[in-house]
Amino acid sequence: MSQSAGRGVVITGVGVVNATVVGDSGALAAWLAQPVAGVRTGAVGARPAVRLPGDTLGGLIEPGEARRLARVCQLTIAAARLAVAEAGVDPARGLGLVVGSEMGDFTSTIAFADGYLARGPAGLSALLFPSTVMNTMAATTAIAVASRELSLTINVPTVAGELAVARAAAAVASGRVDAVLAGGVDELDPLVAELLDALGDEGVRGEGAAFLVLEAETAARARGATVLGRLTGTVWRSLPARPWGVGRRIASRAVEEALRHAGRPAPGWMYVSASGDGRRDAWEARVLSAALGARRPPAVSLAELVGHHAGLGALHVAAAAWTARSGVLQASAGGAPARVSGCGLVHGLARGGSQVALVVEPP
Amino acid sequence: MRRVLVTGLGAVSPFGAGVKAFWAGLAAGTCAIRPLTLIDPEGFRCRIAAEVPEVPEGSPRRSRADRLALSAAVEALEDAGLGTGERADAALVVGAVGGGMFEAESWYWARARGERAPGWAPALRSMLPAATAETLAHRLALGGPRHTVVTACSSGAVALAEAAALIADGVVDRAVAGGVDAMTRLCFMGFNTLKLLDPEPCRPFDRERRGMSIGEGAAFVVLEAAEQARARGARVYAELAGHGMTTDAHHVTAPEPEGEGMARAMGAALAAAGVTSRAVGYVNAHGTATPQNDRIEARAITRVFGPGGVIVSSNKSMIGHTMAAAGSLEAVATILALTHELVPPTANLTTPDPDVDFDCVPRLAREVALEHAVSNSFGFGGQNITLLFRRA
């Protein structure tokens, strides 16, 4: 068995909130047909960044949530609600939640600390404290969408969103839960950018959220859900690397295992985690070349259009499902789209060595 | 689904480094909650905590949390007798909340004062919860699937459940799993701000309880598929026979008042293990000693086991609430209770709360014949998990 063995896993809902797309799979498809880059707001830290306009969440968040919740929680809830609404899944029948995040609610954490530094114990906010724990997005989203089964927040550099989708798919495949809302979210805080600069990250930075509803295929089809794509192979592994570092080893079984689980000899196209972080991107390219050799197909990353953030993993999976349905793979930087066939591979390789491979197929 | 066995244990607790010290302290009912030394408590109502007395040595570039975790994980691997080859494909699942925040706070505090902040790069690199898993994987050559779960105070127990699922599903044959948290200013100040800390050592299930005590530590276990463990002749402590994970979806910090989500987690663990509530002899409670948590947890235990239907105790009366480490330290305590057939007491319990329908083992450990025991862990966000262990 593997993460993907057991029950079939399908995608029945998509929710995306980022600088370029706000909506469900229909909005994503419209953007993917003619993708344009989000508006870069210059540098946040030392690197270019793609930030959300201030009015992005209008209509997606209830007034009380807008008043009470941190922005990163609002992003999560907005994307989650879009995905659940599209899937038409009934949370009362059992809905799990897996949230990937690299930074959590860093803005609230800093505000909490600043309160103390400014005024001592009297400056501390009891309202902000729960947001210093990284599961605050999952906590508020579980309430918003009535998710009452397993709830996980997964933290890892670079591939938090991919890993959240893979972990959720494994939970569905194993029969532990019938439906899971899975994806990722991050917010771009100036101190986060400073931190990433200090750690040597060189990518295009972004923010936003993307979530998918994953369901057991039999249950989804039985209730007449529209299936947007199938996850037929999900594997996560790790390659040796120092913490936050870029490794040397390129031999990895993750891609091979994911393809074997899917019963496919090679992918027809790929979405990869390349984000402009030069050394990491080069490592990923070498790993994929070693895994696929001459079978290496065309690859794109949406990171340069929307900026890297933990929502990117689920966005790539949703985009791969669109490519599987449409046979169109857009070029990364405005070039001519390619006609592709076969299955798609969504791949992520993190600083520190975490690796995720997901095989996506049409409905 | 494959059976999952526990074949190695490691712990660093407020009793010191090592499982032996941990169990000796618990069995003796010793309270390790003392005046706080790591953080300036000036201006706060609570000035005590359960600190690890001597953090194992290691590179000064490593965070306190990483050093706690490394010590516990190395002990677990050595206890299990896992060699390099067996580690290469082993999964690693870490439950963490604070990461290396203690060092990052020092950096940020200095930065805010306009001082030159030394050691900024290691501090920032280790700040996020995932840093510990990266350090352990790199240092211990654990090359299988790796992830870090952040489910607040249930993180350590969730890590064990996640690793068990990977083994049960056949993804890996072995896993190292556990939780870690070092003391942080944010945590200490935050719980003070919420007025959830008792100025005196905490008293779970006592009528006069006034809140929790903060602690720190780490515990890791080696989990193995039964067939592989037996094949290599591994010593088996217990079977992790089932777990249940649920969410209240009720409130960010407060548990659902009827304990419905907690009871569902316990029920799911029983169902996964294929046993009835009558088979369970001991509940290692989350037992934080806040008036609300203990009342609601007792209500949930009653729903599952019936009034007085099981013995209950809380390790937090001795080692405080060790946050992300709590679930894994208490899992180790539960496993040792099964192996020794000795239930650790609830220290500081002098006046049992009449609303708690259970024998909470006040102050003195008790010999009890046990075949199954459960460990409850709950966290902010209504995150509930129950681990069910079967005697080997």
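## Chain B at a glance

Of the 392 residues of chain B, 67% count as buried. The model is predicted. Chain B holds 13 helices and 15 strands. Its C-alpha trace spans about 60 × 50 × 40 Å along the principal axes.

How does the radius of gyration of chain B agree with that of a compact globule? A compact globule with 392 residues would have a radius of gyration near 21 Å, and chain B has 19 Å, which agrees. Now take the contacts in chain B with a separation of 6 or more. Residues 24 or more positions apart account for 80% of them.

## Two domains in chain B

Chain B is divided into domain 1 (4-231) and domain 2 (243-391). Their centres, taken over C-alpha atoms, are separated by 20 Å. The contact takes 61 residues from domain 1 of chain B and 56 residues from domain 2 of chain B.

Which elements of domain 1 of chain B give two or more residues to the side that touches domain 2 of chain B? They are strand 1 (4-13), helix 1 (19-28), strand 5 (91-96), helix 7 (155-168), strand 7 (174-181) and strand 8 (217-225) of chain B. Helix 7 of chain B gives the largest share, 8 residues. By class, this side of domain 1 of chain B divides into 37 nonpolar, 16 polar and 8 charged residues.

## Two domains in chain A

The domain assignment of chain A gives domain 1 (9-222) and domain 2 (231-361). Here 21 Å separate the two centres, again taken over C-alpha atoms. In the contact, 51 residues of domain 1 of chain A meet 37 residues of domain 2 of chain A.

Several elements give two or more residues to the side of domain 1 of chain A that touches domain 2 of chain A. Among them are strand 1 (9-18), helix 1 (25-33), helix 6 and strand 7 (179-186) of chain A. The largest share, 9 residues, comes from helix 6 of chain A. This side of domain 1 of chain A has 31 nonpolar, 13 polar and 7 charged residues.

## A helix pair in chain A

Two packed helices are described by the angle between their axes and the distance between the axes. Helix 6 of chain A packs with helix 12 (residues 312-326) of chain A at an angle of about 60°. Their axes are 5 Å apart.

Which residues make this contact? Helix 6 of chain A brings A:A160, A:G161, A:E162, A:A164 and A:V165. Helix 12 of chain A brings A:L312, A:G313, A:A314 and A:V317. The contact has 6 nonpolar, 2 polar and 1 charged residues.

## Where the chains meet

The contact between the chains takes 52 residues from chain A and 49 residues from chain B. On chain A, the elements that give two or more residues include helix 4 (106-119), helix 5 (136-145), strand 6 (151-155) and helix 6 (160-173). Helix 5 of chain A gives the largest share, 6 residues. The side of chain A that touches chain B divides into 32 nonpolar, 15 polar and 5 charged residues.

Strands link the chains too. Strand 6 of chain A is joined by 2 bridges to strand 6 (residues 146-149) of chain B, and these strands run antiparallel. A:I154 stands opposite B:V149 in strand 6 of chain B.

B:M127 lies in the loop between helix 5 (120-125) and helix 6 (130-140) of chain B. Is B:M127 buried or exposed? B:M127 has 25 C-beta neighbours inside 10 Å, so B:M127 counts as buried. Leaving out residues up to four places away in sequence, B:M127 touches B:G99, B:G100, B:M101 and B:A104. From B:M127 to B:R303 is 176 residues in sequence and 40 Å in space, C-alpha to C-alpha.

Most residues other than glycine have a negative phi. B:A249 has a positive phi, near 50°. B:A249 is found in the loop between strand 9 (238-247) and helix 10 (260-273) of chain B. B:A249 counts as buried because 23 C-beta neighbours lie inside 10 Å. B:M323 has a positive phi too, near 60°. The loop that holds B:M323 runs between helix 12 (316-319) and helix 13 (326-340) of chain B. With 30 C-beta neighbours inside 10 Å, B:M323 counts as buried.

Key: Residues numbered from 1 in each chain as written. Chains lettered and ligands numbered in written order. Predicted model: local features only at pLDDT ≥ 70, side-chain atom pairs only at ≥ 80, totals over all residues. Helix = DSSP H or I, 4+ residues; strand = E, 2+ residues; numbered from the N terminus. Rg over C-alpha atoms; globule rule 2.2 N^0.38 Å. Buried ≥ 20, exposed ≤ 12 C-beta atoms within 10 Å, placed from the backbone. Contact = placed C-beta atoms within 7 Å. Nonpolar A, V, L, I, M, F, W, Y, C, P; charged D, E, K, R; others polar. Pairing = 2+ DSSP bridges. Domains from an automatic or database assignment. Axes fitted to C-alpha atoms, helices over the stretch in contact; angles between N-to-C directions.
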